[in-house]
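Thanks, everyone. I will go through one structure this morning, starting with its cavities and then turning to a couple of residues.

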Amino acid sequence: NTGGSAASAGATAAATSGKVLKLGQLLPFTKVYAELGNSMKRATDLYLKNAGNKLAGRLVQTIYEDEANDPQVGLQKTQKFIDQDNVDVMLGIVATPIAYAVRNVVDSSKLIFIETNAGGNALTRTTTDCKPSCKSPYIFRSSFSSYQVSEPIGEYMSGKKNVKEAYLFIADYGFGTESGADFTTGFAKNGGKVTGTLKAPLGSPDFTPFVTQLKAQPTKDIYSFFSGADAVKYIKAWNGLGMPAAGYKMNGAGFLTEQDVLREVKDGANGAITSLFWAFELDNPENKAFKELFQKEYTLLPDVFAVQAWDGMRALDQALQKVAGDTSDKQKLIRALEDVKFKSPRGDFEFDKDTHNPIQDMYIREVRTVGGQAVNVIVDKIGRVTDPGK
């Protein structure tokens, strides 16, 4: 920033310290989830451009770092944000193992962190081995918990759809395991039984051997968690091995068929049923405006990752307005964040005060081609899903 712009920022933010607001954004720009990180950066940059690069009168400096899908790297970058960059607030993190790895350092440093993707349940829960509690007051989430996305589709499939057997095919890491377990919990509520589980390592170069194994077992309904480049490879292998013609049905957590994936597989995922708190076709004024703004800026359809980053920025913006841009009193900013409520592209947005996880509607979506584009069309809704918090 030039001295002139810093001075003018100081003048406009007389009510606050006038200091530049530093935001640390830890996102993946390489490896399997690179496109997710790019999408979240696009939304963040667009939000700030729209806001004149100021939040609550303070000029914003965003420092982006690559989490590189590695918990140790994520930890080092978080430490850099704290020790060298002196960031006021941190946002980001796609992969659950990285969110878990940085949790303690964020908490002990009293760094306010808005998690804009990773859905590991424990990040916003009190767990049995915590003394007295491991829910950090400094951690908020503008995304979801595994339970919120994965449990309702299990209940829906065994209840409304009367599916009694399902087979799990999931990514072999923290979130894949959690998603499979939460789906199983929901599926069992109406007598559904999981007949087996197959796991693929994150970033597997070829999904054909895994899909070959799926085809060799008799259960037709498959529930999966994959995202990013892995989801693309899975869907291509699924079609390459003729799974739809053999009567197999693709179901999953919504990331499996998000817009970043559909852009690559075109109509290759048509008919897939997934659950998520947002869909491109969601009909509300905020979603319409967001889609128009995003497509005008990037000539790309936005995806859920963009929505999560956008809502994280919006929540921070609203809380900062309430405290007149002052980030020095952490407790005051935490209370302001807890009170945030707004209309999001996903619908009504608010944090659960007990968990700092969002309370949100879950949509059951089917992939269809609409106007020449593969999109997720809403076929059902489970209203106001909260995470149990324990």
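First, the cavity definition: on a 1 Å grid over the protein atoms alone, a cavity is a set of points where a 1.4 Å probe fits but cannot get out, and lining residues have an atom within 4 Å of a point. Grid points are joined across faces, edges and corners, and a volume is the space filled by probe spheres set on the points.

Some housekeeping. This is a predicted model, where local features need pLDDT of at least 70, side-chain atom pairs count only at pLDDT 80 or more, and totals for chains, interfaces and linings use all residues. Residues are numbered from 1 along each chain as its sequence is written, and side-chain values use heavy atoms, with hydrogens and water left out.

On confidence, the mean pLDDT (the predictor's confidence in each residue, from 0 to 100) is 94 for the chain, and 94% of the residues score at least 70. Residues 1–15 fall below 50, and that stretch has 12 contacts (heavy atoms within 4.5 Å) beyond near neighbours in sequence.

Now the cavities. Two of them reach 30 Å³ or more.

Phe-277, Arg-346, Gly-347, Asp-348, Gln-360, Asp-361 and Arg-384 line it, which by class gives one nonpolar, two polar and four charged residues.

Next, Phe-169, in strand β7 (residues 165–171); strands are DSSP runs of E, at least two residues, numbered from the N terminus. Is Phe-169 buried or exposed? Phe-169 counts as buried because its relative accessibility is 0%, the cut-off being under 20% relative accessible area with a 1.4 Å probe, protein chains only. Its C-alpha is 6.2 Å from that of Tyr-223, 54 residues away in sequence.

Last, Asp-380, in strand β15 (residues 373–385). At 19% relative accessibility, Asp-380 is also classed as buried. Its side chain makes a polar contact of 2.8 Å with the side chain of Lys-160; that term means a pair of N or O atoms within 3.5 Å, and within protein one must be able to donate a hydrogen and the other to accept it, while residues adjacent in sequence count only if both atoms are side-chain atoms.

Notes:
Helix = DSSP H or I, 4+ residues; strand = E, 2+ residues; numbered from the N terminus. Buried < 20%, exposed > 50% of the residue type's maximum accessible area, 1.4 Å probe, protein only. 1 Å grid on protein atoms, 1.4 Å probe; cavity = no way out; pocket = protein on both sides within 12 Å on 5 of 7 lines; lining within 4 Å. Nonpolar A, V, L, I, M, F, W, Y, C, P; charged D, E, K, R; others polar.
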